[in-house]
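Here are my notes on this model, point by point. Please read them with the structure open.

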Amino acid sequence: MCGIVGLFAKSTDVEEQLGEHLGAMLVQLGDRGPDSAGVAVYRDPAPPGATKLVLFSADPREHWEALVDELARVFGDAGELFVRASHAVVTLDAEAGEIEAWLARVRPDVCVMSAGRVIEIYKETGRPEQFAARFELGDIRGTHALGHTRMATESRVTTDGSHPFAAGLDLCLVHNGSLSNHNRLRQALRREGMAFRTENDTEVAAAYLAWRLREGASLRAALEGCLDDLDGFYTFLVGTADGFAVLRDPIACKPAVLAETDDWVAMASEWRAIAVLPGAADARAWEPQPGVVYSWESAKV
Amino acid sequence: MSAQAVEATTTEVVDLGVTPLRELNQRLHDLATAPGPRRWRVLNPNGVHALACGLDVEVEVDVDGHVGYYCAGMNKRATVRVHGNAGTGVAENMMSGRVVVDGNASQSAAATAHGGLLVVHGDAAARCGISMKGVDIVVRGSVGHLSAFMAQTGCLVVCGDAGDALGDSIYEARIYVAGEVAGLGADCVEKELRDDHVAHVRRLLSEAGIDDVDPARFRRFGSARTLYNFHVDHAAAY
């Protein structure tokens, strides 16, 4: 199982209510994935040259102010701290790699959920309705977002094992399905210098995309590479700074529905998640073909 | 919606935004043993699963909107029309009656169905008619890959194109395709389209209410009867 949702705003009204719509979509797919829930929201760009990070601490008493003061002293602060449940948004005047290396050395217990200029990833164990309330999704504005409800099959139910998985700066992946060659592929990617935090199959797919992009592939080429190099079932939804992309495996075991109106483009595992959007009844709706990359980007870039 | 009640029977209107799905399905099931309305209109289905499943009565159910998985599954005698798209497994294991989808159907439409007629006016996705056992399926648009996989008997008519591996490991079902076929599955071959086949397609198109597609345009596909687990001595068993 697992449920996937994605929403791309084509109007300012939908941008204003992005989090509220996304939360409603996620809740519809709670039965497909009651273990964990997560979202990636694209919003509030960091200033040029700065990096926005979302950090997670398993310690509910984490003293974020102290950590951020320390980070600001080392790197120069470029935005206000914002704490959202167990996660904190931090904007610093440095490159992501430097900040992540510092954190790995000084605070290895703190996880970097996402890094980039616009991405914010939040994810936790538990049902999506609890997640939406705890992370106050209703308050979140943004240009586009994707989300996931997890029914774990391949690895443990943990915050780390939840989706979305970051796959590089401003890039993330959510997945419905299971990969059967992830152990071998993880070994190969480790030799290429990619790091892993879990035994999760989707983390391997995210690292595969990050590796292909690092080696100069376009996002489309990296996704098409999945058709050759990944073995198993998957419907992937990939978030980028400018939009999102959808890919189903060639057998198309896992469901996917796409729909579009003048105000939004939506993707979901099932229609019931799209039906909650305004104007859904009159949307153009179709099922993506297996093995074909579909993508949407904002006209701004 | 009350304007629908033009005949002697009135139309029972059920809004799934208000009425729980289980209550609607129970009321439809109760018609098999007790009198009640013979025409129903369902509003706001919003992609729910298992809508109008297991009906066993001559009743007409019109659904205004998109439905989720297994709509009209196990149908007997009833006519169910979806004025929208249908999710996975519409009319799965149908025994008799008629199911009509105005939009597109997702994968495994009419899977394992024994009888009746499924009409899809849009496209049907992968595995349409998988393991069909006597149902007739008419698709106005195209079907996805692995359609009529292990199809045992019945007929699949595709006015558009068929995806890869059509009729893989087919038994005695018949397939007619008017458009392009991406590829045939194991033991599925093209066969001669004779006059009786054209008449068969004409009858099915007519039953589906499609009158602008020439039945002579179709190509016929079926089993070569050479697969290792097929024994021609058993052909009459299907």
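1. Glu203(A) first. Setting aside neighbours within four places in sequence, Glu203(A) is in contact with Phe165(A), Ala195(A), Phe196(A), Arg197(A) and Thr198(A). Bear in mind that this is a predicted model.

2. Where does Glu203(A) lie? The residue is in helix α7 of chain A, which covers residues 201-214. Glu203(A) is buried but has no salt bridge. Arg197(A) is the nearest side chain of opposite charge, and it is 5.3 Å away.

3. Next, the nonpolar cores. The largest has 57 residues, and Trp264(A) and Ile274(A) touch the most other members. Not counting residues up to four places away in sequence, Ile274(A) touches Trp264(A) itself, along with Met25(A), Val257(A), Ala259(A), Ala266(A), Met267(A), Ala268(A) and Ala280(A). A second, separate core has 52 residues, including Leu31(B), Ala151(B), Val177(B) and Phe221(B).

4. Asp262(A) sits in the loop between β13 (257-260) and β14 (264-268) of chain A. Is Asp262(A) buried or exposed? Its relative accessible area is 71%, so Asp262(A) is exposed. From Asp69(A) it is 193 residues apart in sequence and 44 Å apart in space, C-alpha to C-alpha.

5. Now the interface. Chain B gives 12 residues to the contact and chain A gives 15. Together the two chains bury about 1,000 Å², with 46% of it on carbon and sulfur atoms. How many salt bridges are there between chain B and chain A? The count is 0. Polar contacts do occur: 6 residue pairs across the interface, both residues at pLDDT 80 or more.

How values were computed. Residues are numbered from 1 along each chain as its sequence is written. Chains are lettered from A and ligands numbered from 1 in the order in which they are written. This is a predicted model: local features need pLDDT of at least 70, side-chain atom pairs count only at pLDDT 80 or more; totals for chains, interfaces and linings use all residues. Side-chain values use heavy atoms; hydrogens and water are left out. Helices (H or I, at least four residues) and strands (E, at least two) are DSSP runs, numbered from the N terminus. Buried means under 20% relative accessible area, exposed over 50%, partly exposed in between (1.4 Å probe, protein chains only). Lys and Arg count as positive and Asp and Glu as negative; His and the chain ends are not counted. A salt bridge is a side-chain nitrogen of Lys or Arg within 4 Å of a carboxyl oxygen of Asp or Glu. Contact means heavy atoms within 4.5 Å. A nonpolar core is a set of buried Ala, Val, Leu, Ile, Met, Phe, Trp, Tyr and Cys residues joined through side-chain atoms within 4.5 Å. Buried area is the accessible area (1.4 Å probe) that two parts lose on being put together, summed over both. A polar contact is a pair of N or O atoms within 3.5 Å; within protein, one must be able to donate a hydrogen and the other to accept it, and residues adjacent in sequence count only if both atoms are side-chain atoms.
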